[in-house]
Each structure stands twice: as C-alpha cells, then as structure tokens.
Amino acid sequence: MNIALIIAGGSGNRMGQDIPKQFIHVNNCPVIVHTMLAFQKHPDITSIAVVCLCGWETVLHSYAHQYNVTKLHWIFPGGGNGQESIANGIYGLKENGVKEDDLVLIHDAVRPLVSQGIISSNIAICKQYGYAITGIQCREAILESDDGFYSTTSIPRDKLIRTQTPQTFRLTNIIKSHEEARQKGIRNSVSSCTLLAELGGYEMHIVPGEERNIKITTTEDLEIFKVLMQTSKEDWLK
C-alpha cells in the first residue's frame, strides 16, 4: 500500500487566527480538505491517515464525509511538536496492521497544492531507493544571521536544498529512525528529513519539488494560495 500520512497536529499560532490554519476555508473548502483531495484523486494512493489536532477529530470526520474523501481510513492524535505528531502517525499505522514494507508519504496538511507528479515521483523514488525527500534547489542568495537583523556571512547556495513534503519512507524505516532518535535524545526535529540528517548515515534521495507546493504559514500565504488556485501554466510554455 501507499499511504498518505497528513500531519495536521499544529495549532497554527503564528497565523494568529481564531481557528487552526489547516481548517481555514479557502474557496468554500478547508485547507486540509484541499490537501486530502490531492491524495484522494491520485490512483496510486491506497489510504489516507491524518494526525489531527486534538478536539478537531469530529470536524475532520464531518469534512471528509461532506467532500467525499473516501480514502480517509485513520485519524490519530497530534503530539506536542511535529516529531511527536509524525511518531503518533507511524506507530498508529503499525498498530492498525499496515505492513512494514508499505510506503508512507508524510505530508504537511497546509501544503494543499501538492501535484500529482510530485506524489508519483515520491512513490517511484522511494520504491527504488528506500527514501524520497521533495526539495527545490535554492536560487536565492543566502545570508547567515544570529538575530535576523545583521549579517556578515553568506552561505553558498549551490548545495542548498529547500525541502518540501511529501517525504516518503517504507514504514519500517521511518519507525526505526524514530526509535533511534528516542535513544539519542532527539525530540524536536522539525521534519523527517532533518531527523535523518541529525541521526546521520542516511542517504536521502531528492524528488524535484515545485514552487506552487507552498506551505501556508501566514495570511499572506493564504492570499498566494487563492491566486495560485486560479492560475495554470500557459499552453505555449515549454
């Protein structure tokens, strides 16, 4: 099986709204439903699981029914941080009979514009190499700063990758990584790829991402999302 594990355990405090950002409506549809529908319509995705902010499970169930997200099979409780939420999800899948060799596509609930091509590439690369990390080559000039106001140092961009999600693993491999992290006292890594990097020794294969695959963190991101939903690539562009 190929399972989308959507991480929606955060409260979205940085956006400063009355409801979590993953449940904000855009074009009469919650952001998290836009995200689930991207995996719902992909023919190679067998099931969807969501790690949900506690207290919002019933709302999520209702939305899945309303928008016909038939592949949603499991809802797991969110954790105290992203690493804990992912752990809740992968151990929940194991407890519910998902096989060790099944693929798990770990994805941010607030990346609703993930393309069918990115999903397909994640599945193909993970099947071939065991790991797949969506990312984009950095194009901007990068400065290093301790306080966000002053900088005296630049960082060469040639080797820098801006990671996105999905990040895809065989279930047995990602569980093994979380168990190793627990033993080493790593408890708050910001994503699966940074967790593997902190552990060391893992060769992570990069899947080309897309600028459209934005992560909605601010109200400005919401406005960009609305615009991107109304646009498509011109036919004459190569």
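1. Strands here are DSSP runs of at least two residues, labelled E and numbered from the N terminus. Please keep in mind throughout that this is a predicted model.

2. With that labelling, strand E8 covers residues 161-170, and Pro166 sits in it. The peptide bond joining Thr165 to Pro166 is cis, with omega at about 15°.

3. Asn28 belongs to the loop between strand E1 (2-8) and helix H1 (31-40).

4. Now to the helices. Two packed helices are described by the angle between their axes and the distance between the axes. For helix H3 (residues 82-95) and helix H5 (residues 171-184), the angle is about 135° and the axes lie 10 Å apart. That angle makes H3 oblique to H5. The crossing of H3 past H5 is left-handed.

5. Which residues make the contact between H3 and H5? From H3 come Gln83, Ile86, Ala87, Ile90, Tyr91, Leu93 and Lys94, while H5 supplies Leu171, Ile174, Ile175, His178, Glu179, Ala181 and Arg182. Sorted by class, this contact holds nine nonpolar, two polar and three charged residues.

6. H5 also packs against helix H6 (residues 192-199), at an angle of about 55° and with the axes 10 Å apart. H5 and H6 are therefore oblique to each other. Their crossing is left-handed.

7. On the H5 side of that packing you will find Ile174, Ser177, His178, Glu180, Ala181 and Lys184, which meet Ser192, Leu195, Leu196 and Leu199 of H6. The class count for the contact of H5 with H6 is five nonpolar, three polar and two charged residues.

8. Finally, the second largest pocket, with a volume of about 180 Å³. Its lining consists of Gln83, Glu84, Ala87, Asn88, Tyr91, His178, Ala181, Arg182, Ile186 and Arg187. H3 and H5 are the elements that give two or more residues to this lining. Which element gives the most to the lining? H3 does, with five residues. By class, the lining of this pocket has four nonpolar, three polar and three charged residues.

Technical notes:
Residues numbered from 1 in each chain as written. Predicted model: local features only at pLDDT ≥ 70, side-chain atom pairs only at ≥ 80, totals over all residues. Heavy atoms only, no water. Axes fitted to C-alpha atoms, helices over the stretch in contact; angles between N-to-C directions. Helix = DSSP H or I, 4+ residues; strand = E, 2+ residues; numbered from the N terminus. Parallel < 35°, antiparallel > 145°, perpendicular 65-115°, else oblique. Left-handed = near helix turned anticlockwise from the far one by under 90°. Contact = heavy atoms within 4.5 Å. Nonpolar A, V, L, I, M, F, W, Y, C, P; charged D, E, K, R; others polar. 1 Å grid on protein atoms, 1.4 Å probe; cavity = no way out; pocket = protein on both sides within 12 Å on 5 of 7 lines; lining within 4 Å. Points joined across faces, edges and corners; volume = space filled by probe spheres on them.
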